[in-house]
Amino acid sequence: MNINLDVDVTEKENETTLHLKGEIDAYTAPLLKEKLLPLTAKQDHHIIVDLAEVSYMDSTGLGVFISALKSTKEHDAQLKLVNLQERVHRLFKITSLDTIITIETTVRGGN
Amino acid sequence: MESVALDLDNYRKLLKEYLLTHDETALYQAEQLSKLSVQHNVSPEEIIHVHIKALKELYPELPEEVNDSLNFLLEAMISYGLALQEYQHLREKQSALESEISVAANMQKTLLSTKKPEIPGLDIGAISVPANRMNGDYYHFIYDNDHTLGIALADVIGKGIPAALAMSMIKYSMDSFPEDLRQPSRILENLNRVVERNVDPSMFITMFYGLYNPKDQTFSYASAGHEPGFYYHKETDHYSEIEAKGLVLGATNNATYDQEVTQIEAGDCIILLTDGVTECHLGDRFIERDEVLDVIKRYMHLPAQEAVEHVYKHFERLQDFHLRDDFTLIIIRKDV
């Protein structure tokens, strides 16, 4: 079991992409929060989170995205999640968080 | 504890006796002295120190190497004594924390305790097992004077003490709603505002609320992003998902919830669960929802309480089973 999370950051002008790899749970969520939250506090900034290589996420991960979303609203920033695996996407659907967080629809199957 | 000085005269006497006679009684007394030293917080270097002093008094002409080696030992034992002190301090701290957590866990049990109501015509079973000491899942039955039965099932994100505290908040807000406001959608709308205002931005709660009305035998329900339960139709012998869409509590301040209603026939069952059930690990693989339903089906012929306990035991028995999250399962069957 991969219990680590790698966060790879690509910066462009006004846009940051986070490529995540691994699992997002109670142990790795603080790392994600530490990388993601400061970006959401930048005025008009665009943040893309690529979850293609995230095989597992629990509710702690959802919590990080909720607080990121709240912060983007305060700072007129934009948050978008892309390439979610089926299992991860299901979490956003069950919790209806897909109705308030922008999720790009190309969904890859889980493994 | 106050540390007391070791009795040098006594020690010297024992040492001398032993060196001269090799008498077991002296050895035994030294043993007692050493036990007493622990009780009185006498440090190990203190004992070495007394030993050196006594030895020098008995043999003033010790060879220099022996003398030096004893001082060497003394230095080494000073570090040992410090490390030991630190270790004991941590152990005391840990046991204080342990007992505080156990007080909190007991308090949670009392605060959040719910009585499974005895209702003619309904067979109810419920089990809730925390992954750790404190439970972040919560279920509650509200049997009102008008004979309606409210069923609340909630799962706080995260585990441990913060989750348990958030649960207490939910319970007390729920208790404070007037009876005429106890419609599932209204309850969730109100709780959503309470949660949004009062918890950390990264915290949220998923919740299912159902209301059974025995007069017209209807079950009304609404869900705030909670793991869908299952509905068993006796007539068609078919299981379906209890679908209700709604945002988790605490994500926005103005969420609204759709309320669904279904007619319950004799023999039908309502099965509610938290995602601790579907997030059970088996080695490095997850137990899928279908598998969970298969296990539930296997025990559905039993009375509801026995069924929920068997389902939990089934997963608990599996090799490599690892409860990653709190586990809660409720089965409500309308008697034939």
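In chain B, a network of salt bridges joins B:Asp9, B:Arg12 and B:Glu57; a salt bridge here is a side-chain nitrogen of Lys or Arg within 4 Å of a carboxyl oxygen of Asp or Glu. Searching the whole structure, over all chains, turns up nine salt bridges. Everything below comes from a predicted model, where local features need pLDDT of at least 70, side-chain atom pairs count only at pLDDT 80 or more, and totals for chains, interfaces and linings use all residues. On bookkeeping, residues are numbered from 1 along each chain as its sequence is written, chains are lettered from A and ligands numbered from 1 in the order in which they are written, and side-chain values use heavy atoms, with hydrogens and water left out.

**Salt bridges in chain A**

- A:Lys21 pairs with A:Glu53 in a salt bridge, with 4.0 Å between the closest N and O atoms.
- That pair links distant parts of the chain, 32 residues apart: A:Lys21 sits in strand β2 (residues 15–24) of chain A and A:Glu53 in strand β3 (residues 46–57) of chain A. Helices (H or I, at least four residues) and strands (E, at least two) are DSSP runs, numbered from the N terminus.
- The cut-offs are under 20% relative accessible area for buried, over 50% for exposed, and partly exposed in between (1.4 Å probe, protein chains only).
- A:Glu104 and A:Lys80 meet through their side chains in another salt bridge, at 3.1 Å from N to O.
- Because A:Glu104 lies in the segment after β5 (102–103) of chain A and A:Lys80 in strand β4 (residues 78–82) of chain A, the pair ties together parts that are 24 residues apart in sequence.
- A:Glu104 is partly exposed, at a relative accessible area of 33%, and A:Lys80 is partly exposed at 28%.

**A salt bridge between strands of chain B**

- The side chains of B:Asp123 and B:Arg333 form a salt bridge, 3.2 Å from N to O.
- B:Asp123 is in strand β1 (residues 122–129) of chain B and B:Arg333 in strand β13 (residues 327–334) of chain B, so this pair ties together parts 210 residues apart in sequence.
- B:Arg333 is buried, with a relative accessible area of 14%.

**Helices α3 and α4 of chain B**

- Helix α3 (residues 44–58) of chain B and helix α4 (residues 64–111) of chain B have axes that come within 7 Å and cross at roughly 160°. Axes are lines fitted to C-alpha atoms, for helices over the stretch in contact, and angles run from 0 to 180 degrees between N-to-C directions.
- So α3(B) is roughly antiparallel to α4(B); the scheme is under 35 degrees for roughly parallel, over 145 for roughly antiparallel, 65 to 115 for roughly perpendicular and oblique for the rest.
- The α3(B) and α4(B) crossing is left-handed, which means the near helix is turned anticlockwise from the far one by less than a right angle, with clockwise being right-handed.
- Residues in the contact (heavy atoms within 4.5 Å) include B:Ile48, B:Ile52 and B:Leu55 from α3(B), and B:Leu70, B:Met77 and B:Leu84 from α4(B).
- By class, the contact of α3(B) with α4(B) comes to eleven nonpolar, four polar and two charged residues. Ala, Val, Leu, Ile, Met, Phe, Trp, Tyr, Cys and Pro count as nonpolar, Asp, Glu, Lys and Arg as charged, and the others, Gly among them, as polar.

**Helices α8 and α9 of chain B**

- Helix α8 (residues 289–299) of chain B packs on helix α9 (residues 304–317) of chain B at about 130°, with the axes 9 Å apart.
- So α8(B) is oblique to α9(B), and their crossing is right-handed.
- Among the residues making the contact are B:Val292, B:Ile296 and B:Tyr299 of α8(B), plus B:Ala307, B:Val311 and B:Phe315 of α9(B).
- The contact of α8(B) with α9(B) splits into seven nonpolar, two polar and two charged residues.

**Single residues to look up**

- A:Thr95 is in the loop between α3 (86–94) and β5 of chain A and counts as buried at 4% relative accessibility.
- Setting aside neighbours within four places in sequence, A:Thr95 contacts A:Leu62, B:Gly225, B:Gly246, B:Leu247 and B:Val248.
- A:Thr60 belongs to helix α2 (residues 59–75) of chain A and counts as buried at 18% relative accessibility.
- Beyond its neighbours within four places in sequence, A:Thr60 touches A:Asp25, A:Ala26, A:Ala29 and B:Ile157.
- B:Asp180, in the loop between α5 (160–176) and α6 (184–198) of chain B, is exposed at a relative accessible area of 66%.
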